[in-house]
Amino acid sequence: MDHRSRDRASGLILFMIIFLQSFYGIVESYKNYTVGDSFGWYDTLENPDVDYEKWASSKNFSLGDFLIFNTDNNHSVIQTYNFTTYKLCDYEDSTDNDTIQWSSANPSSTNPQSITVPVPLMKVGMTYFFSNDYDGEQCNYGQHLKINVTYGQGLPPSLESDESPGPVSPESGDDEAAPDTIVPANFDNPKDTSDDEKESSRSVSLFSASKFCGVKLYGFLFLVCLGYW
């Protein structure tokens, strides 16, 4: 192969590496976060080891990600963009345009049933979660969470609505409040996947991309078929 052919082949290989890296980034753009990991979504009276501030501190949350709340029907999942509602642990006086009850609870249940509640992150800025049960007691005993959501890759098509999410803008008397949010009635719930399943899916995606572009992957070596090799 002459010098010109080698340069052409090297350029094509470099292009394919950049393309596949970009494709890989898209595959990895949206994440599911299990709140509290193995501790689940509970108050410190039920699980003294829960620390949601510590759990969230190492995470980067973006639009289109999901929070997965593993809890039971004695605990609720309330999402609000209103810092005052969050601070007071009070869902009853909230308004429909700044607070969502994703899961209600039955505090009188003597036989709690395990539930899983997936919540999509739909708005850039601060968003808050808490359990409102027992007049806010669970919230006051550690069952509350605040996170900052960045734009990231933006909303995926399955979560897009007529009104695109906007950045948080302060309202009077509350420098952590947020504007209205719209949550579509139909959105794709995430599916829990193991690390092996994720790796398998990732490999299939990369192989598909390479096959589409006429490149085969053998470890770290790209074999480019140019016809005259």
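Helices (H or I, at least four residues) and strands (E, at least two) are DSSP runs, numbered from the N terminus. The model is predicted, so local features need pLDDT of at least 70 and side-chain atom pairs pLDDT 80 or more, while totals for chains, interfaces and linings use all residues. Residues are numbered from 1 along each chain as its sequence is written, and side-chain values use heavy atoms, without hydrogens and water.

The chain holds five helices and 10 strands. Of its 229 residues, 40% are buried. Buried means under 20% relative accessible area, exposed over 50%, and partly exposed in between (1.4 Å probe, protein chains only). Contact means heavy atoms within 4.5 Å. Among contacts between residues at least 6 apart in sequence, 76% join residues at least 24 apart.

D93 sits in the loop between α3 (83-88) and β5 (99-103). D93 has a relative accessible area of 65% and is therefore exposed. Together with E92, D135 and E137, D93 forms a negative surface patch. Patch residues have over 30% relative accessible area and no salt bridge, and like charges are joined within 9 Å. A salt bridge is a side-chain nitrogen of Lys or Arg within 4 Å of a carboxyl oxygen of Asp or Glu. Asp and Glu count as negative.

P156 belongs to another loop, between β8 (144-150) and α5 (195-212). P156 counts as buried because its relative accessibility is 12%. Leaving aside residues up to four places away in sequence, P156 touches Y30 and G64. P156 and G64 are 92 residues apart along the chain, yet their C-alpha atoms are separated by 6.1 Å.

How values were computed: Patch = residues over 30% accessible without salt bridge, like charges linked within 9 Å, V, L, I, M, F, W, Y side chains within 5 Å. Areas by Shrake-Rupley, 256 points an atom, 1.4 Å probe, with all protein chains shown as cover. Charge placed at Lys NZ, Arg CZ, Asp CG, Glu CD.
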